[in-house]
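Trainee: I would like to learn how to read a protein model. Can we take it one feature at a time?

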Amino acid sequence: VELGVAACGLPRTTLGAAPSAFVVLFTKLEHEDAQHWSEFGRTEVSLHDTNPNFVTKFRVFLTSLADRNKDCLLNFYHDRQPASAKLSSSSRQPPFQRKPLFLGYTRFKLRVLLSQPTHALEHPLCGKDNRPRGDSLGF
């Protein structure tokens with residue numbers, strides 16, 4: 001299964017700028033407890049875009065029926081590291097690393113995605129308080 005991610009209306013940063021967003025996909029099997037999330041992959045950073053359509057696709061291989069019951073968690077982040085700091089290779093010191101800002105998440109089961117006729121889902125982005133933020137995510 002190839003999973004692509006797009007978002008519509010991501011929240012702006014505290015300074016009102018469009019976020020430089022990226023997504024981290026985590027997966028776990030249905031019967032595993034909440035502590036067993038494994039990072040599956042990351043998208044590229046979409047610079048200054050509240051409606052990113054990420055180029056990076058995630059390929060999830062289904063080797064058994066149990067794999068259809070995988071839980072998927074998509075965390076959205078704003079990359080606060082300036083692009084100029086990432087491109088600077090002339091310095092021997094690594095650039096100052098800033099922790100990405102959490103924008104929100106969405107969670108779904110792979111079988112729900114596979115059961116859709118178009119194999120597409122639209123989910124709201126949830127914040128740290130687990131409440132939908134009204135933003136729309138497609139995958």
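Trainee: Which residues does Thr50 touch, not counting residues up to four places away in sequence?

Mentor: First, a word on the model. This is a predicted model: local features need pLDDT of at least 70, side-chain atom pairs count only at pLDDT 80 or more, and totals for chains, interfaces and linings use all residues. Residues are numbered from 1 along each chain as its sequence is written, and side-chain values use heavy atoms, with hydrogens and water left out. Now, contact means heavy atoms within 4.5 Å. By that rule, Thr50 touches Ala7, Cys8, Gly9, Leu10, Arg12, Ala18 and Pro19.

Trainee: Where is Thr50 placed?

Mentor: Elements come from DSSP runs: helices are H or I with at least four residues, strands are E with at least two, and numbering starts at the N terminus. Thr50 sits in the loop between β4 (38-42) and β5. In sequence, Thr50 and Ala18 are 32 residues apart. In space, their C-alpha atoms are 5.5 Å apart.

Trainee: Does Thr50 count as buried or exposed?

Mentor: Buried means under 20% relative accessible area, exposed means over 50%, and partly exposed lies in between (1.4 Å probe, protein chains only). Thr50 has 16% relative accessibility, so Thr50 counts as buried. Of the 139 residues of the protein, 38% count as buried.

Trainee: How many helices and strands does the protein have?

Mentor: Two helices and nine strands. From the N terminus, the order is β-β-β-β-β-β-α-β-α-β-β.

Trainee: How many salt bridges are there?

Mentor: The general idea comes before the count. Side chains of opposite charge can pair when their charged atoms come close. The rule here asks for a side-chain nitrogen of Lys or Arg within 4 Å of a carboxyl oxygen of Asp or Glu. That gives five salt bridges. One of them joins the side chains of Glu2 and Arg59, at 3.2 Å from N to O. Glu2 lies in strand β1 (residues 2-3) and Arg59 in strand β5 (residues 58-59), so this pair ties together parts that are 57 residues apart in sequence. Arg59 is exposed, at 56% relative accessible area.

Trainee: Which residue forms a salt bridge with Asp71?

Mentor: Lys28 does, with the closest N and O atoms 3.3 Å apart. Asp71 is in strand β6 (residues 71-78) and Lys28 in strand β3 (residues 21-28), 43 residues apart. Asp71 is buried at 4% relative accessibility. Lys28 is buried too, at 6%. A network of salt bridges links Lys28, Asp71, Arg107 and Lys109.

Trainee: What does the side chain of Asn75 make a polar contact with?

Mentor: A polar contact is a pair of N or O atoms within 3.5 Å. Within protein, one atom must be able to donate a hydrogen and the other to accept it, and residues adjacent in sequence count only if both atoms are side-chain atoms. The partner of Asn75 is the side chain of Tyr77, at 3.2 Å. Asn75 is found in strand β6 and is buried, with a relative accessible area of 10%. Residues touched by Asn75 include Phe22, Val24, Phe102 and Tyr105.

Trainee: How many disulfides does the structure hold?

Mentor: A disulfide is a covalent bond between the sulfur atoms of two cysteines. The cut-off is a pair of cysteine sulfur atoms within 2.5 Å. The structure holds zero. Cys8 is partly exposed at 45% relative accessibility, whereas Cys126 is buried at 12%.
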